Number of protein chains: 2
Amino acid sequence: MSAVERRSGAGIQSAERALRILELVGAAPTGLTAAEIAERLGLGQSTTYRLLATLQHEDYLTRQPGEHRYILGRSVDELGRALQVQLVATDPVRAVLRALHDAVHAPAYLTVFRGDDIAVAHIADSPEHPRIGQLHVGFAEASHTTAFGKLMLASRDDAAVARFLERRGAARLTASSVTDVATLREQLDDVRAQQLAVEVEEYLPKLACIAAPVRSPAGRVVGAVSVSVSAKDLPSRAWELERAVRRGAWQVSARVAG
Amino acid sequence: MSAVERRSGAGIQSAERALRILELVGAAPTGLTAAEIAERLGLGQSTTYRLLATLQHEDYLTRQPGEHRYILGRSVDELGRALQVQLVATDPVRAVLRALHDAVHAPAYLTVFRGDDIAVAHIADSPEHPRIGQLHVGFAEASHTTAFGKLMLASRDDAAVARFLERRGAARLTASSVTDVATLREQLDDVRAQQLAVEVEEYLPKLACIAAPVRSPAGRVVGAVSVSVSAKDLPSRAWELERAVRRGAWQVSARVAG
DNA sequence: GGGGCGTTCGCACTATCTGCGAAACGCCAT
DNA sequence: ATGGCGTTTCGCAGATAGTGCGAACGCCCC
């Protein structure tokens with residue numbers, strides 16, 4: 001009996017399947033038909049149609065009139081926006097970022113831990129000094145290549161860092177990206193020493209970034225304040241930028257009390 | 001028997017419950033504890049914990065270390081972004097919007113049908129002429145108050161419009177918003193006559209918007225091209241803007257072959 | 001050392017979900 | 001009209017997967 005290994009381990013099967021359908025449909029630029037979904041998930045058609053009906057009923061999936069393929073629906077958008085709302089910073093904190101942006105004439109970022117991940121909570125930029133293209137409010141990617149990512153990783157111990165890299169990988173984004181774990185560890189150690197992280201062209205060519213820690217009253221690193229500038233400007237402005245992000249991070253720390 | 005009315009009708013119960021949990025957590029700015037979720041959904045704790053474990057395992061939910069409340073996780077962000085990707089327009093279409101923006105010095109929008117809903121697929125704006133604040137790429141809201149919404153609703157018959165309003169409501173956003181169904185019907189009829197929709201301060205105070213239809217080769221209205229300007233500029237620029245959006249819509253129509 | 005949560009575990013029950021097959025539907029081309 | 005093909009719905013019987021309850025466990029705070 002039960003020669004077949006018990007499934008994944010945790011979950012409510014139907015819930016997992018529903019989520020998997022959403023992911024599948026999301027990954028298909030033009031959506032998928034019921035048959036395609038059934039096949040890729042190895043489900044019977046009856047089951048598939050019932051799941052699809054549920055997801056459609058709840059507005060997580062829709063179809064174009066006349067079309068047979070399912071696409072992501074309104075509820076997905078609403079959930080995504082709800083996440084953004086959960087991330088927004090308070091007014092005083094936003095004001096700090098704004099002031100930092102004005103002071104150094106560069107886009108300023110606030111990042112925070114969210115679960116075991118790192119998320120961008122706020123960006124203060126302007127038409128003259130726009131945010132880095134790929135960067136958005138939401139979960140951060142490639143944290144091993146960003147200044148705020150390094151800074152926040154440095155606040156966790158080696159085991160936690162290892163787990164993080166295992167989950168998220170360490171992709172090479174540019175020629176300078178550090179993908180070697182040993183090298184990254186050394187960098188993190190230096191970050192711990194300086195309480196500051198600097199990154200040059202590791203995330204995007206021609207860009208550099210500098211980050212300082214936001215701390216809870218208890219002293220735990222709970223986030224980072226960072227700014228990005230063009231890589232060629234960094235050498236001449238390093239000292240000034242360091243002062244500015246340290247000050248910004250300190251001010252944010254003072255305003256996140258509870 | 002079965003004195004209790006059969007549940008909602010369609011769905012896979014567990015899938016529905018999982019989605020409901022996500023919505024609940026999304027609606028709570030600081031997340032919810034397991035107990036709160038169990039109570040609000042009327043579920044046993046065992047069931048609740050199992051569902052939560054599943055959602056957490058799939059990264060739809062997370063918790064801050066040490067915290068007991070669940071918050072939305074990374075997968076939600078990824079799904080939301082997948083939706084945006086599904087919406088992006090092709091290069092030639094984006095170029096049309098860009099040209100329209102440059103020609104009239106105002107933000108230009110492309111909206112499309114998505115299922116039974118209306119979605120904003122692309123926005124061409126600039127620092128000098130920024131998009132309307134509330135408007136984002138994703139599903140549109142309050143389509144009874146926007147020019148593109150009116151235009152696209154006008155392409156559907158009375159029954160479809162009625163269904164739409166029943167689902168989405170007809171909220172009053174400003175003093176000028178049309179919330180009366182009869183009045184809206186008249187407006188839509190005029191839109192059908194003109195093949196053009198205009199809206200003044202119905203969606204946001206001090207703003208006006210003008211929209212023209214994008215058609216499939218078969219002639220069906222599949223979307224809208226629109227621009228927004230300050231309400232006080234509209235009278236003097238109406239003629240020019242009408243020409244521009246009609247031209248833009250026509251050009252988009254020619255580039256969406258299919 | 002004693003509450004008060006929050007979380008996990010075990011178990012027995014059955015409602016819920018599943019798969020299969022067949023039938024209804026809609027569409028297209030012949 | 002007619003026949004075929006792909007899609008979608010329906011019914012049914014079986015049993016898996018999901019459920020609730022109760023209790024045990026672990027933890028923090030009082």
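Predicted model: local features only at pLDDT ≥ 70, side-chain atom pairs only at ≥ 80, totals over all residues.
Which residues come nearest to DNA strand D? Residues are numbered from 1 along each chain as its sequence is written, while chains are lettered from A and ligands numbered from 1 in the order in which they are written.

**View 1. The surface near DNA strand D.** Among the 18 residues around DNA strand D, those that come nearest are A:Gln13, A:Ala34, B:Gly44, B:Ser46 and B:Thr47; a residue is near a strand if its C-beta atom, placed from the backbone, lies within 6 Å of it. At least two residues of this surface come from each of helices H1 (13-27), H2 (34-41) and H3 (45-57) of chain A, and from each of helices H1 (13-27) and H3 (45-57) of chain B. Helices (H or I, at least four residues) and strands (E, at least two) are DSSP runs, numbered from the N terminus. By residue class, the surface holds five nonpolar, 11 polar and two charged residues. Ala, Val, Leu, Ile, Met, Phe, Trp, Tyr, Cys and Pro count as nonpolar, Asp, Glu, Lys and Arg as charged, and the others, Gly among them, as polar.

**View 2. The contact between chains A and B.** Chain A contributes 41 residues and chain B contributes 41 residues; two residues are in contact if their C-beta atoms, placed from the backbone, lie within 7 Å. On the side of chain A that touches chain B, H4(A) gives the largest share, nine residues. This side of chain A comprises 20 nonpolar, 12 polar and nine charged residues.

**View 3. The open sheet of chain B.** Three strands are arranged in the order S1-S3-S2 with antiparallel pairing, where two strands pair if DSSP finds at least two bridges between them. Strands S1 (32-33) and S2 (61-63) of chain B are the edge strands, each pairing on one side only. S2(B) is joined to strand S3 (residues 69-72) of chain B by three bridges, and B:Arg63 has B:Tyr70 in S3(B) as its bridge partner.

**View 4. The open sheet of chain A.** In chain A, three strands form an open antiparallel sheet in the order S1-S3-S2. Two bridges link S1(A) and S3(A) in the antiparallel sense; A:Leu32 has A:Tyr70 in S3(A) as its bridge partner.
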